[in-house]
Protein chains: 6
Amino acid sequence: MYELGVVYRNIQRTDREVADKLAQYGSATVHEAMGRVGLMATYMRPIHAGAQVSGTAVTVLLHPGDNWMMHVVAEQIQPGDIVVAAITAPCTDGYFGDLLATSFKARGARALVIDAGVRDVKTLGEMQFPVWSKAVSSKGTIKATIGSVNIPVVCAGMIVNPGDVIVADDDGVVVVPRALAARTLEAAAAREANEGEKRAKLASGVLGLDMYKMREPLAKAGLKYID
Amino acid sequence: MYELGVVYRNIQRTDREVADKLAQYGSATVHEAMGRVGLMATYMRPIHAGAQVSGTAVTVLLHPGDNWMMHVVAEQIQPGDIVVAAITAPCTDGYFGDLLATSFKARGARALVIDAGVRDVKTLGEMQFPVWSKAVSSKGTIKATIGSVNIPVVCAGMIVNPGDVIVADDDGVVVVPRALAARTLEAAAAREANEGEKRAKLASGVLGLDMYKMREPLAKAGLKYID
Amino acid sequence: MYELGVVYRNIQRTDREVADKLAQYGSATVHEAMGRVGLMATYMRPIHAGAQVSGTAVTVLLHPGDNWMMHVVAEQIQPGDIVVAAITAPCTDGYFGDLLATSFKARGARALVIDAGVRDVKTLGEMQFPVWSKAVSSKGTIKATIGSVNIPVVCAGMIVNPGDVIVADDDGVVVVPRALAARTLEAAAAREANEGEKRAKLASGVLGLDMYKMREPLAKAGLKYID
Amino acid sequence: MYELGVVYRNIQRTDREVADKLAQYGSATVHEAMGRVGLMATYMRPIHAGAQVSGTAVTVLLHPGDNWMMHVVAEQIQPGDIVVAAITAPCTDGYFGDLLATSFKARGARALVIDAGVRDVKTLGEMQFPVWSKAVSSKGTIKATIGSVNIPVVCAGMIVNPGDVIVADDDGVVVVPRALAARTLEAAAAREANEGEKRAKLASGVLGLDMYKMREPLAKAGLKYID
Amino acid sequence: MYELGVVYRNIQRTDREVADKLAQYGSATVHEAMGRVGLMATYMRPIHAGAQVSGTAVTVLLHPGDNWMMHVVAEQIQPGDIVVAAITAPCTDGYFGDLLATSFKARGARALVIDAGVRDVKTLGEMQFPVWSKAVSSKGTIKATIGSVNIPVVCAGMIVNPGDVIVADDDGVVVVPRALAARTLEAAAAREANEGEKRAKLASGVLGLDMYKMREPLAKAGLKYID
Amino acid sequence: MYELGVVYRNIQRTDREVADKLAQYGSATVHEAMGRVGLMATYMRPIHAGAQVSGTAVTVLLHPGDNWMMHVVAEQIQPGDIVVAAITAPCTDGYFGDLLATSFKARGARALVIDAGVRDVKTLGEMQFPVWSKAVSSKGTIKATIGSVNIPVVCAGMIVNPGDVIVADDDGVVVVPRALAARTLEAAAAREANEGEKRAKLASGVLGLDMYKMREPLAKAGLKYID
């Protein structure tokens, strides 16, 4: 249940350096580094392929067909933030287009993650403002009902607290709680450290079966080869 | 309920100049200009990003798994038309490929909007023939049952009358009834006229809150800021 | 019902030349050449547009959230193979990423067709390793339960036997049983042979109505023209 | 595209006797009698099994999350009518509950067909007021925006004109255009007339293969029996 | 993001009397009484119609295909509780059947609300143990991975904190936060108080248009009647 | 890929006694007894609750919108059979109604399992002929294209071979391969044998935690209790 009609102005953002560094590892590695949790529903897709970002979440709660609070959240954006928009009921309307993107960008936002639709996607691509959304829709919205800014929200099935880190790329959107961000960064770096070596081995034809020493546990689990 | 087995040869197309000029405003602006109505279901997606077209609708009603009438509608196409294809029951088969596209293009069609599937999408992209569809499918169709051409149809949830204007781009597909086209064009132009100025202001950091004078109505609606 | 815990090492692959030549005709033509059967569900989409491949199927049966057998199937890959992965229950997890792709590629695999999710899609695009999947997801998998390799599987609604030919492109994924491959290749070639001539006629403005002599059967079926 | 903000008070209802008599044949027979057209999407389900009704359509167009016009349409109901409610964009909110049902019933309505959600379904069952809907939802609606009453609407994929006949039962909802109602009633009666005899034959063990003389056409179509 | 591997034994339950009294008003009235928020996704349906309950939430977080924690949560149940089960990723497996229901019932549980599947539904009906779920499935689960008990969870899109009140009936499932329960009970009672009078008026033929004095605001909004 | 146009008249049915005895254990227990495999997709639902059957599969492959082969399969039914109907592409049409049910019943069929729609569901309930289907639809079908009878088919994601056992109830539909039927029956009986004792213990308040000795493995897995 949400607290309606409030804007929290002072939120505790994850340390900027930590938040920024997570981008390079991508959502899949970060997701693994957290113990395979934190991923939003897979229907959240980038409107254009290729972007890979991380940033601190400012959250906004909107009503179906009403984007009034998008203007309210704009004021709370600080450079390095990613806006996370949740809706109180399922909706695919186009809440966000090139004008709002211009404003968000001017405030320093890195991206939008929205559990609804957006529009002007061609222009958003030209502006290089990355968006992850559930839908694309020309359908506009009204400005009639207030929601909230910077409260904890549920976006695409995940709880997002203001100040958490969002990591998003072509594979999806991952939420890293503020308290776990530093530790996750370390774990992600460690995971990636030995990937280069593994890749080289596999490229040379070494099998994962041998590299990961899987033959014995597979046999133990009962796997049988038949010629 | 549909009238089956008829081809209306003389339809009243929207004035060509009006129909052509609507393209530049795009589906989102045109949708707003009509009062936020007229949008087809958001599952209608372009098979390739980037096209932005408008044109007069010639309609065709097809049966599931049967594209016979696509050849009948081809003859009714005039330069500047967009073919709108409805199906009598849900179907994702590939009704349309490169051969039909060649024929449609030769007749002067600008695009196809189909509440079903298409195929040869790579070639359609190379031919630069834009298509909005519900699905992509290799599955071919038969030619066994007759439908109708240029009757009013329901395509992706919207009624389309022959001669109406179709505006389609990466954001979706909007239907503008013939009787409303001129007025919609004006409204769209008016909307766009002051967008440049707004964009410049927002880009300079002015907030929508101030530009649209939202602070007072938000406070009145009960919005509270908490530090 | 599946046989679990077995790896068939010796499978009868379709003749290499036949399997290779089917690629050029694409999934739509091959699907027609087989009599409009063999197409996987249309939710199977390429993660990147543009690839068009054919190859011999090696199959793998996996459990939800568990990609252990992907390492087992890697060893069974021969140059020219396409890996077809089925899951015992619906799952969208990311079973496959850049490391496995490196290994599959080193073994000579041409593509992956998986009735689940994959990740690292940006890197997979850079590696030019084509994948058709049901989803994209950062969500990783575990390695705990054994499935099988090279048994007949159901992938996206189609039965695939090891050694069958897979033809995949932007239009979808078609399965050609080994016993029908040679005959299908001939039929596909025959279909394509007269497409050039048809295309030229249609491009010149000749109607399908006349080229296919449809006017009489349409009239017979009751089609009426109204002026 | 819809005409907004209008209530047509004088509509031409299908002849009462014809409209009433169609109920007994049920949606499947009526659908066949019209040539297999007129069926709403199969997601339209009765909230309680067992009701079988027909009546004349009064239509209402609503906005997402707003049921204001339900009170407007109530006044236009005449005994023997069925209210058909369409929404301008997909919505599953609960537009209708026991209070509105009390009012509709008092006005003589026989049923509601709504392309959205309803609530108080237990009470509606006790009241024996039949409803066909897309969803059940506790979520209430507001009363803020006007739509229209007795204009042609698209409900669950079908065009419904005010005064058309609605036939609904456990199998679904069929729309019979006013102009076709009398002829459809005759065709439905004719279909049903010889069903009793057929049923008796089939119950005695006679096969459809023989009763419908299908063996020859099946053999001609190439069917082969293998022992 | 969830805290894994913990069981909170001491939770603050909503006052028993308040929690118990909410049942009689049903999910629709309670949802309205909270200001139209708090409803779980409409895919949460009762496995048998007719039950109407309220109780205090004990929560459990499970992994896909793994119901081990169902046995852990059983021990934390107190008479009057409703178990709310969330899953870390979408899953339709049957987590719960007649044995677990026997145990839950023996502990005093009133119902189960689960964002996944259940089985033995016929027996559950005979036992009169109410369940709201996303699916019914024979598919069993394993007991391999630990989750948590009595942490805040997201179930069918809603945040549920242990000790909150759950109100569930044929219309859906509503979550009432502990802090709002007393006030919601009052509001629900107030809403219901004047429903009887309204119902009587509507039953006598008085229109909502008049009872709610809607004619003037409708005219002001631009509604036009056409004869 | 399917063999089209053939009817296999002599199939090897599972031993009648084994096939008949599986019904009493229900789909959930049988599914467990096979090692948690063999379940059709959960969208397969009974059209009426309460039936619990088992029988030997006769299979039929149909085309979208065409039920011609239903009459062909009727002749192949023997007492104790369950008809399993697969379609070559997704379809929700109503392939089966009261007349075919009369014929199937006269031949001794116990039930129909169909990966598509059925109609006349009220009458089917009165006839007590159980059906599991994907949809209910008034939409009729034609009789134009031949499929096959008694070939292996994919129905709702599962391979069904003619002669396999089908076990279906309110929890879903399970396929037991002929070769595994006797062994599965034993395993199911063994599973059920000690359920009575377990149920009594749980009813008396004993926890699964203790009955299944889970406390130690849970602690070992890291579960922590917090007061």
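Visitor: What should I know before we start?
Guide: This is a predicted model, in which local features need pLDDT of at least 70, side-chain atom pairs count only at pLDDT 80 or more, and totals for chains, interfaces and linings use all residues. Residues are numbered from 1 along each chain as its sequence is written, chains are lettered from A and ligands numbered from 1 in the order in which they are written, and side-chain values use heavy atoms, with hydrogens and water left out.

Visitor: How many salt bridges are there over all chains?
Guide: The search of the whole structure finds 75. A salt bridge here is a side-chain nitrogen of Lys or Arg within 4 Å of a carboxyl oxygen of Asp or Glu. Side chains of opposite charge can pair when their charged atoms come close.

Visitor: Which residue forms a salt bridge with Arg16(A)?
Guide: Asp20(A) does, and the closest N and O atoms of the pair are 3.3 Å apart. Both residues lie in helix α1 (residues 16-21) of chain A, four residues apart, which is about one turn of the helix. Helices (H or I, at least four residues) and strands (E, at least two) are DSSP runs, numbered from the N terminus.

Visitor: Which residues of chain C are linked in a network of salt bridges?
Guide: The network links Arg13(C), Arg16(C), Asp20(C), Asp81(C) and Arg110(C).

Visitor: Where do Arg215(E) and Glu75(D) lie?
Guide: The side chains of Arg215(E) and Glu75(D) meet in a salt bridge, 2.8 Å from N to O. Arg215(E) lies in helix α9 (residues 215-220) of chain E and Glu75(D) in helix α3 (residues 68-76) of chain D, so this pair joins two chains. Arg215(E) is partly exposed, with a relative accessible area of 34%, and Glu75(D) is partly exposed at 22%.

Visitor: Let us turn to chains A and B. How many residues does the contact take from each?
Guide: The contact takes 34 residues from chain A and 35 residues from chain B, where contact means heavy atoms within 4.5 Å. The area buried between chain A and chain B is about 3,100 Å², and carbon and sulfur atoms give 60% of that. In chain A, Trp68(A), Leu99(A) and Ser138(A) lose the most area to chain B, together 19% of what that side buries. Buried area is the accessible area (1.4 Å probe) that two parts lose on being put together, summed over both.

Visitor: How many salt bridges cross that interface?
Guide: The rule finds four across the interface of chain A and chain B. Asp227(B) also forms a salt bridge with Arg9(A), the closest N and O atoms being 2.7 Å apart. On the side of chain A that touches chain B, the largest share, seven residues, comes from α3(A).

Visitor: How far apart are the nearest C-alpha atoms of chain C and chain D?
Guide: They are 14 Å apart, and chain C and chain D do not touch.

Visitor: Last topic: is Val154(A) buried or exposed?
Guide: Val154(A) is buried, with a relative accessible area of 7%, and is found in strand β8 (residues 153-155) of chain A. Leaving aside neighbours within four places in sequence, Val154(A) is in contact with residues including Tyr2(A), Ala86(A) and Val154(E).

Key
Buried means under 20% relative accessible area, exposed over 50%, partly exposed in between (1.4 Å probe, protein chains only).
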